[in-house]
Amino acid sequence: MGEPLLNYAEVSEAITMFRGDSEPAPGGPPCAPARPLSITVSTVGVAPRIRRLAQEHPEVGLAVSLHAPTQALRERLVPRGSAMWP
């Protein structure tokens, strides 16, 4: 699936749908609303999008995947190229 916060528009739409704040897709099954704080988004840490998620969906939990005990090792394991993050 990839990094959810680099696919923010679709993740935001899914959260809205799971929360029962929108109609299901045409032909799709009805969706029972999720309880507050029962939705968690897991990310490697796209900071600008974390802030946006917190502003637009404060009811959603956040899990940050660190992958390593040090930032240097984390950057080797999970190349981030922050210049490409919107």
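How many salt bridges does the rule count here, taking a side-chain nitrogen of Lys or Arg within 4 Å of a carboxyl oxygen of Asp or Glu? The count is 1 salt bridge. This is a predicted model, in which local features need pLDDT of at least 70 and side-chain atom pairs pLDDT 80 or more, while totals for chains, interfaces and linings use all residues. Residues are numbered from 1 along each chain as its sequence is written, and side-chain values use heavy atoms, without hydrogens and water.

The salt bridge joins Arg-52 to Glu-56, with the closest N and O atoms 3.0 Å apart. Because these two are 4 residues apart in helix α2, about one helical turn separates Arg-52 and Glu-56. (Helices are DSSP runs of H or I, at least four residues, and strands runs of E, at least two, numbered from the N terminus.) Arg-52 is partly exposed at 35% relative accessible area, and Glu-56 is partly exposed at 40%; buried means under 20%, exposed over 50% and partly exposed in between, with a 1.4 Å probe and protein chains only.

Both residues are in contact (heavy atoms within 4.5 Å) with Tyr-8, which also touches Arg-49, Leu-53 and His-57. In α1, the buried residues are Tyr-8, Val-11, Ser-12 and Ile-15. They lie on the same side of α1 because their arc, taken from the directions from the helix axis to the C-beta atoms, is only 100°. Ala-9 and Glu-13, on the other side of α1, are exposed. Among the elements covering the buried residues of α1 are β1 (40–43) and α2 (47–56). Just after α1, Gly-20 has a positive phi of about 80°.

Note on methods: Lists of a residue's contacts leave out its neighbours within four places in sequence.
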